[in-house]
Each structure stands twice: as C-alpha cells, then as structure tokens.
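Have the sequence and the 3D view open side by side. We will walk through the chain, then visit the ligand.

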Amino acid sequence: MMLAIIGGSGLTKLPGLTITHRQVVRTPYGEPSGALTFGELAGHPVLFLARHGYGHTIPPHLVNYRANIWALASQGATHIASIASVGGIHPEMWPGQFAVPDQIIDYTHGREHTFADYDGKPVTHLDFTWPYCEDMRQRCMQALAEAGEEYLDGGAYGCSQGPRLETKAEIDRMARDGADMVGMTGMPEAYLAREIGLCYAAIAVSVNWAAGRGESQEAITAEAIEANLKQAAERIRTVLVHLARMCCEG
Ligand code: HPA
C-alpha cells in the first residue's frame, strides 16, 4: 500500500517529512493544488499534497479536487489520510479535539464532483452509504491512540461551501441534521476517492466551536482559529508518523 496525506489548513508543509522529490502531475482535469511531494516520514515513504496549495492560496470552493485525487492515484497512492480542520458542533468537539468521522452531509454546490463524464456510457450509481474507508478509519484511530490522543470514533462531517463561516442558524440546522462537525473540503474529495477506488478517511481536528456554540456565541475570530491550528500541527505530525509506520511497513 502507498499512503498519501492531504494536508489541510495549517498543514501546507509536513514538518518532519524528508522530501525525496517533487513531481508535477498533469491530469485530464487540470492542475492539482501543487506538485506532489514524495518523501519519508520517520523512514516510511509517503506522498503529500497541500490541499490549499503550498502557499495556502486556494479557497475550499476553488480546490481542484478531481485533479488532486487523480494525481495521487496516478502516482500509486492506494490510501489517503485527509487532514481536516473543522468547527465543533458536537458537545465534545471542543477546540483541539480529534475525530475520525464516519458520515458526511454535503452542503456544497457548484463543485466538480464526479469523474464520470456520462459520455455515451451507461449511468452508474456508486454506493456511498458509508463514505469513508473503514480500514483506513481504523488505521487513523490506531495512529491517534498510539500518539496518545483522544478522539471521537465516528461522527458526521457537514461540508459547507465556504469560504465564509456559517451563521448560527445554519449551524443549528446542521446540528438538527445530525452533523457533529463542519468543514469546507470533505466533499467532493471523499466521493472522488471512492469513485477512483482509493481507501480514504479523514482525521478531523476541531479548531473552533462552530458559529453560535461554545465560545463562538458572538463571533469566531481568525486569531483563535490560527492559534488552534498551530497547536494542532505538531500533534498531527506525531499522529501521521504513527500512521506512516503502520501503513507503510512490510
Ligand atoms: N466552519 C467551517 N469550516 C471550518 C470551521 C467552521 O467553523 N472551522 C474550521 N473549518
């Protein structure tokens, strides 16, 4: 198996990754967010891609998800761990809390969300009842446990369109829908991975209470998100070292 890591906000670089080379990949869907980074994490080979570009310049609705997933698959990735910063909706999704979601609610629109071009081919409907790869979810949770982190096993990831944050009423609605956390990039990424046959799971980390919850009653400040992202980065690195060891050994 070959592990690919898609880094989200706050993880445009993977500290501790020894870079062996970078590869510009052309795809039928245009440009990925950047060159793919081939490297080693604690001696284990991994592929890395910064979802928002290495300079963090691509907003969630303009990420070329198809190109990213296609590029990773074309370079031999078989498994993807997506790092996703989220706002916490579930009462235990306080800032700093990890979760490995097992469900998705897609609130996005206007994103290129399928590889299927329906160009004269019969229409198919892929199963997406359980949107994440359970094998990869288990590995992510094991890596979190080995890193000494607590995490929520499961939960529904609500994917909002962004780039703006949500209103309080929108978060209340998401909570009624059953969403436990909210992010902006989980879809169509997870579905495209399913379409192309990659085993995909997400490690979500809460970087703020979602709008109208906890400390975010009045507002969500960029400074708070920034500070939490920074704090999480080193912990995520440790988790990923465990994941790389687990995924890439033998
Ligand atoms: N909403 C949407 N996406 C996010 C948030 C949020 O509150 N925090 C981090 N990503």
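## A walk through the model

Begin at Ala42, which is placed in the loop between strand S3 (36-41) and strand S4 (44-50). Keep in mind that this model is predicted. Ala42 has a phi near 50°, which is a positive value in a residue other than glycine.

Now follow the chain on to His56. His56 lies in the loop between S4 and helix H1 (65-74). Its phi is also positive, near 50°, and His56 is not a glycine either.

Next come the peptide bonds. Most peptide bonds are trans. Where does this chain have cis ones? Gly162 and Pro163 are joined by a cis peptide bond, with omega about -5°. Find Pro163 in the loop between strand S9 (156-159) and helix H3 (168-177). Then look at the bond from Met187 to Pro188. That peptide bond is cis too, and its omega is near 5°. Pro188 is in a helix, H4 (residues 186-196).

Turn to the cysteines. A disulfide is a covalent bond between the sulfur atoms of two cysteines. How many disulfides does a search of the whole structure find? The search finds one. The disulfide joins Cys133 to Cys199, with an S to S distance of 1.9 Å. Cys133 sits in the loop between strand S7 (103-106) and helix H2 (134-146), while Cys199 belongs to strand S11. The two cysteines are 66 residues apart, so the pair links distant parts of the chain. Which hand does the disulfide of Cys133 and Cys199 have? The torsion about its S-S bond is about -70°, so the disulfide is left-handed.

The ligand sits in the largest pocket. Which of them gives the most? S5 does, with three residues.

Name the neighbours one by one. Around the ligand are Ser85, Val86, Gly87, Leu165, Glu166, Val182, Gly183, Met184, Val207 and Asn208. By type, the shell has five nonpolar residues, four polar and one charged.

Zoom in on nitrogen atoms of the ligand. One lies 2.7 Å from an N or O atom in the side chain of Asn208. Backbone atoms take part as well. A backbone N or O atom of Ser85 is 3.3 Å from a nitrogen atom of the ligand. For Val182, a backbone N or O atom is 3.4 Å from a ligand nitrogen. How much of the ligand does the protein cover? On its own, the ligand has 260 Å² of accessible area, and the protein covers 93% of it.

Methods: Residues numbered from 1 in each chain as written. Predicted model: local features only at pLDDT ≥ 70, side-chain atom pairs only at ≥ 80, totals over all residues. Heavy atoms only, no water. Near = heavy atom within 4 Å. Polar contact = N/O pair within 3.5 Å; in protein donor to acceptor, adjacent residues only side chain to side chain. Areas by Shrake-Rupley, 256 points an atom, 1.4 Å probe, with all protein chains shown as cover. 1 Å grid on protein atoms, 1.4 Å probe; cavity = no way out; pocket = protein on both sides within 12 Å on 5 of 7 lines; lining within 4 Å. Sits in = over half its atoms within 2 Å of the grid points. Helix = DSSP H or I, 4+ residues; strand = E, 2+ residues; numbered from the N terminus. Nonpolar A, V, L, I, M, F, W, Y, C, P; charged D, E, K, R; others polar. Disulfide = S-S within 2.5 Å.
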